[in-house]
Protein chains: 2
Amino acid sequence: MTLPAEIVSQGDEVVTGLVADTNAAFLARLLEAAGLGVTRHVAVGDDRDAIAAALGDAASRAAHVVCSGGLGPTDDDLTADAVALAFGLPLEERPEALAQVEARYAAFGRPVGPSGRRQARLPQGALLLENRSGTAPGFRVDVPGSVLWFLPGVPREMEQMAREHLEPALAALGLPRDRIHVVRCVGIGEGVVQERMRDLRIPPGVRVGWRAAIAEVQVRVRAAPAVPDDVHTAYLGDVAAALGDRVFGVDSGPLEEVVGHRLRDRGETLATAESCTAGRLAAAITRVPGASEWFLEGAVVYANEAKVRTCGVPPAALAAHGAVSEPVARALAEGIRARAGSTWGLATTGIAGPTGGTPDKPVGTVHLALAGPRGTNHRRIHLVGAREPVMDRAVGAALDLLRGAL
Amino acid sequence: MTLPAEIVSQGDEVVTGLVADTNAAFLARLLEAAGLGVTRHVAVGDDRDAIAAALGDAASRAAHVVCSGGLGPTDDDLTADAVALAFGLPLEERPEALAQVEARYAAFGRPVGPSGRRQARLPQGALLLENRSGTAPGFRVDVPGSVLWFLPGVPREMEQMAREHLEPALAALGLPRDRIHVVRCVGIGEGVVQERMRDLRIPPGVRVGWRAAIAEVQVRVRAAPAVPDDVHTAYLGDVAAALGDRVFGVDSGPLEEVVGHRLRDRGETLATAESCTAGRLAAAITRVPGASEWFLEGAVVYANEAKVRTCGVPPAALAAHGAVSEPVARALAEGIRARAGSTWGLATTGIAGPTGGTPDKPVGTVHLALAGPRGTNHRRIHLVGAREPVMDRAVGAALDLLRGAL
């Protein structure tokens, strides 16, 4: 049985959906990594009574409660008042909190007015937590059976304070931690991944989760402390075997990093010619720091004239087969490879939609080609979905074509 | 007093922080737009009793409860069981639900096994909601004082079903709706936006929210039904005046759409040459359907040789000033414009980090240039942050440079 933790998020912008609650996800990962078990998130708006009720409920169930938001200077920042109400701890202005607020305002060249001063009010007995990036101090309140942590809602400030104050305190608990491994796959749907894993026996104490990201599926295998290493390792091996060559890494970076580092290790280089993905392939490749070691040049050849001019696509191929065709994909890959003088040339051409589809080339038709030292490979795929996801998945498929050749 | 609504999200992947709960944000916006007031989100893991407790609590407070997740075929999909437990509605296999499940499996070429069949079990009296994208049907349950909607957790399926089933039902309630306007700004920080708006008096019944997106800040102005139109409009005018030329649109599409449509309306064309943004500028421009009308070609000139070869940058300029410099930015913009024969040539070169900075060109230094019919403009900016945000904000600044010229 793990120590239960809950997360409370506070703010109208969260509860009305203006922003997704990324704070809760960050805090949940931090708590889980420290060995706690997160059982619930709650988000409430700028309403003192609702915040107080959520905090009281959470403290009655969880050993640690982490709350973000509502610590700022304006009248809709009500978290301290809610703590006072929920736990009967009157607010008091604390000199050391006021000193921090004054120091932060001074750094911004502004005086602390009455609203700024509100941030120095802490519930009786609260432990002050320094905020080195913003004006609102955080605090910690211990009540019977539960420790409550209050952090600001600005993600940058919240994350910094969680790392500085919360993480060391949790580490000091010395909780046994689960071992977590992530198997990363490309070119396969989440449903097919689950199907292929269906007959594997999950050992007791191991939990499996699936997550479909833009161009990949991640399988998260999590073993409780009691699971023997060899049992865990054997199961991971079974998963890898079931998914075969669709696995591009275990606990690895993203596909573009795996491919990029392999190019670097081989001393090889890459250039890209993109029509339908229109820069997204180059953007993915250069997401990896140091990409200039292996990535030379990319051409976004949107207009047919650009395909001819920059990549030497024969006008006759365009006229005979259209821009979305195997001959044009091959000519793009070979053309950019010759132009850049790179080891590999990788090309995409397709119909991302929403318009432009025809009966024999429906929206989602994408031709990929990879030109290399041993000739040119081609793959035709059909992707389903809206314009952006089709483009993003075409990028994943192109990188996967290169991975297969390396 | 608005009709209260709550959102319940279900899944270990949410509660442990593997994914941020974007479903809750989407649903909150949909409910708020229909005139309901979202007061709470709750997320719980794959635990029948915890789901049942969350649903029971939510139904006791809210007129509408929307729950996503836990409807799939596997043993950790427990939402229907939780509904049965919470409201005393035994599960029964429903022929029309089974027919939908079978039709979806047939489309994927797979038989419905015992696990697939679980998805056809609905709580007694539930109304079936068709899922046209995935295997898991949704359903609606009416209990005294509350209507509960159950949708799958896969965002694409959830969104489609919310649009098809939930939105029309809410519209039929005919609730008075807030008027919401979004003022969109570029090239200005959230703090400065708030500072400039600080002395504006917000009329009673109007609420203002700020949201910092990747390369823009959005100001959301929301007027309750009782606020007279002229009061609301006057306040919006005050906001626009305070933010001046930093506003690129009110209730508009994103910056790339505003710029792209202005190019289209003027019958002008664009080509890009990117070093530090490495395809992200072309990707942003082509995010707009129909971009082939105004976007001709992009060059991702990562290596110096590519800058020379593709954009005609003088090697002497690279040698004397380095790749991140005003002369190189200007040469890139002019070179790609000449190459593509476009009205405008837009170029970026900078140091995205994490390494590569020097004392006089620190990480975050970006040179932008725009070549056009009346010569070439240049702008040097300094961006703070990690590699990806720096690249994304450089894209915003480049589009803003073009916006200024149109």
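Analyst: In this predicted model, 53 residues of chain B are in contact with 53 residues of chain A. Contact means that the C-beta atoms of two residues, placed from the backbone, lie within 7 Å. By class, the side of chain B that touches chain A has 27 nonpolar, 13 polar and 13 charged residues. Here Ala, Val, Leu, Ile, Met, Phe, Trp, Tyr, Cys and Pro count as nonpolar, Asp, Glu, Lys and Arg as charged, and the others, Gly among them, as polar.

Several elements of chain B each supply at least two residues of that side. Among them are helix 2 (22-33), strand 2 (37-44), strand 14 (295-301) and helix 15 (387-405). Helices (H or I, at least four residues) and strands (E, at least two) are DSSP runs, numbered from the N terminus.

Residues are numbered from 1 along each chain as its sequence is written, and chains are lettered from A and ligands numbered from 1 in the order in which they are written. Local features need pLDDT of at least 70, side-chain atom pairs count only at pLDDT 80 or more, and totals for chains, interfaces and linings use all residues.

How are the two copies related? A rotation of 179 degrees with 1.0 Å of shift along its axis superposes chain B on chain A, with RMSD 1.2 Å. That is the relation of a two-fold axis. The same surface serves both copies: 100% of the contact residues of chain B recur in chain A. The superposition is by least squares on the C-alpha atoms of residues with pLDDT of at least 70 in both.

Strands also cross the boundary. Strand 14 (residues 295-301) of chain A runs antiparallel to strand 14 of chain B, and five bridges join them. Within this pair, Glu297(A) has Val301(B) as its bridge partner. Two strands pair if DSSP finds at least two bridges between them.

Twelve strands form an open sheet with mixed pairing, in the order 6(A)-7(A)-8(A)-3(A)-1(A)-2(A)-2(B)-1(B)-3(B)-8(B)-7(B)-6(B). Its edges are strand 6 (127-129) of chain A and strand 6 (127-129) of chain B, each pairing on one side only. The twist averages 15 degrees from one strand to the next. Axes are lines fitted to C-alpha atoms, for helices over the stretch in contact, and angles run from 0 to 180 degrees between N-to-C directions.

At the chain B end, strand 6 and strand 7 (residues 138-143) pair in the antiparallel sense over three bridges. There, Leu128(B) has Phe139(B) as its bridge partner. Helix 7 (residues 155-171) of chain B packs on the sheet. This helix touches strand 3 (64-68), strand 6, strand 7 and strand 8 (146-151) of chain B. Its direction makes about 145 degrees with that of strand 8 of chain B.

Now the core. The largest nonpolar core has 138 residues. Leu332(A), Ala333(A), Ala398(A), Leu332(B), Ala333(B) and Ala398(B) have the most contacts inside it. A nonpolar core is a set of buried Ala, Val, Leu, Ile, Met, Phe, Trp, Tyr and Cys residues joined through C-beta atoms within 7 Å. A residue is buried if 20 or more other C-beta atoms, placed from the backbone, lie within 10 Å of its own, exposed if 12 or fewer, and partly exposed in between. A second, separate core of 110 residues includes Val66(A), Leu78(A), Phe87(A) and Phe150(A).

Finally, some backbone details. The peptide bond from Gly353(A) to Pro354(A) is cis, with omega near 5 degrees. Pro354(A) lies in the loop between strand 15 (344-350) and strand 16 (365-372) of chain A. In chain B, a cis peptide bond joins Gly353(B) and Pro354(B), with omega about 5 degrees.

Two residues other than glycine have positive phi. Asp251(B) has phi of about 55 degrees, and Ala278(B) has phi near 50 degrees. Asp251(B) sits in the loop between strand 12 (247-250) and helix 10 (255-266) of chain B. Ala278(B) sits in the loop between strand 13 (270-274) and helix 11 of chain B. Asp251(B) is exposed, with 10 other C-beta atoms within 10 Å. Ala278(B) counts as buried, with 26 C-beta neighbours inside 10 Å.
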